Amino acid sequence: MSWLLAGCRVEHLLTAELPGAAGSLMVGGTVSQVFLSPSDGLDRVSLGVVPPGPTVRRAVDSLASGATLEIHYAPEADPGYPDGHFHDWPAEHAWLGELVGDREIGQTFVSRYPNLDGITLRVATFGADLSPGEGQLREGPAVPVRRLPVDGERVIELPGGSTVWVEGSAEGWAQVRLEDGQVGYVELSQFSRLPAPSRVNDRDVVLHLYREGEAEPIRSATINASEMHDNSHVTFRFEPLPDSMGVRYRFTVASPESTPGNAVTFRYADGDVYPDGTRLEGGDPVEGDLIFRPAYSEGEPLVQVDLDRAVLSGQTQALEASFAPVPDTAGRALRLVVRAGHAPLPVTWTEQLPEGGHQLQLSGGQEGPPGALVFNVGYQADVDVGALVAGVVHHVGRAARHDPAFFALYGVALVGTGGWLGWAAWRWRDGR
């Protein structure tokens with residue numbers, strides 16, 4: 001069987017067929033779509049479009065107008081790390097307590113992408129942004145209030161100079177109580193006056209990164225606690241590591257000069273939410289995991305396609321392009337990016353979101369439709385003969401353990417059949 005399968009390749013698609021279009025949009029800048037890749041060997045892509053021309057060739061020429069398509073790694077969307085959706089703060093996660101004196105926390109992990117350049121953690125400052133009380137917005141234009149900090153939808157605008165009740169802060173935004181009882185978020189920079197902070201944190205927090213098993217750090221980063229915001233994400237940045245894919249690391253965080261009342265804390269989970277690593281306390285393994293996510297600088301695209309050279313399918317209404325198979329995509333988050341050329345590109349969108357549930361994103365913060373690009377990707381990979389044979393042996397062995405009597409009789413039958421065939425062949429050869 002191994003001889004028969006040697007050199008065989010298997011082909012499959014991200015989805016069984018191109019999703020049905022719910023509408024179209026004109027891309028004047030860029031549109032991107034994150035998806036989770038199930039396999040290595042990505043070698044083709046289909047992009048749903050609105051073809052304008054009377055012939056296929058003219059349609060492609062007039063449609064693409066110099067547009068390009070790229071595929072990049074999208075590590076920020078990888079679901080395999082403890083830091084999940086930006087706005088999720090699960091109740092089962094907790095704070096470690098003040099990081100003071102000679103206390104050192106840490107975590108081991110596996111980098112799944114190249115160009116590792118930072119570690120993102122969730123930090124709390126014990127009210128060092130502000131304490132509850134009245135705040136006043138800056139004079140001038142109306143100030144937008146969002147349902148969630150940073151990228152939440154706008155719920156209302158407040159007149160410049162308004163006095164508002166501030167309850168706390170998150171991600172560098174103040175949580176305000178509105179007149180109807182709802183809460184919203186306003187950037188701290190929009191205030192001319194805020195309630196005094198509950199405390200002052202002004203000590204350095206230091207992160208060291210090590211290759212697992214090595215004693216000397218390969219990267220370090222320092223952030224003063226005064227630059228950290230309450231209930232927020234903080235990223236310790238360092239020089240990128242181009243060869244970080246698949247490497248096991250550990251990082252430690254300490255703040256030797258911090259004292260009780262002048263310190264920060266970090267988020268963790270009691271349970272084992274990250275099977276590929278272990279939380280550390282003072283260098284020793286302990287239960288649970290830090291809530292963290294490795295950060296990466298963007299490298300060269302894995303794929304870059306000139307859409308003027310793509311083939312327009314009249315059957316699927318999609319531009320189709322093929323390229324050399326791309327390795328190291330299995331189980332990783334990827335981003336498809338379409339860049340318009342000399343004219344806007346009419347693409348289609350669907351309500352059917354790809355694996356991972358990500359919606360399309362337009363450049364410049366433009367509001368896009370509530371769906372995903374109409375697209376599909378294909379794969380071609382070598383058959384893993386060893387894994388296939390091992391799987392067959394494993395399943396046969398497992399079945400034999402469940403029903404040994406049947407497999408014993410089956411084995412006797414196979415031996416008997418083989419013996420009879422051998423005897424018959426011997427008789428035929430001798431002309432008997």
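This is a predicted model: local features need pLDDT of at least 70, side-chain atom pairs count only at pLDDT 80 or more; totals for chains, interfaces and linings use all residues.
Tutor: Local features here need pLDDT of at least 70 and side-chain atom pairs 80 or more, while totals for chains, interfaces and linings use all residues. Residues are numbered from 1 along each chain as its sequence is written, and side-chain values use heavy atoms, leaving out hydrogens and water.

Student: What makes the place of Glu171 a loop?

Tutor: Glu171 sits between strand E12 (163-170) and strand E13 (173-177). Strands are DSSP runs of at least two residues, numbered from the N terminus.

Student: Why does Glu171 have no salt bridge?

Tutor: A salt bridge needs a side-chain nitrogen of Lys or Arg within 4 Å of a carboxyl oxygen of Asp or Glu. The nearest side chain of opposite charge, Arg122, is 5.9 Å away, so there is no salt bridge.

Student: Why is the pair Glu171 and His233 called a polar contact?

Tutor: The two side chains come to 2.8 Å. The limit is 3.5 Å between N or O atoms, one able to donate a hydrogen and the other to accept it. The pair therefore qualifies.

Student: Which residues does Glu171 touch beyond four places away in sequence?

Tutor: Among them are Phe86, Trp89, Pro149 and His229. Contact means heavy atoms within 4.5 Å.

Student: How much of the protein chain is buried?

Tutor: Buried residues make up 42% of the 432 residues.

Student: What share of contacts between residues at least 6 apart join residues at least 24 apart?

Tutor: In the protein chain, 78% do.

Note on methods
Helices (H or I, at least four residues) and strands (E, at least two) are DSSP runs, numbered from the N terminus. Buried means under 20% relative accessible area, exposed over 50%, partly exposed in between (1.4 Å probe, protein chains only). Lys and Arg count as positive and Asp and Glu as negative; His and the chain ends are not counted.
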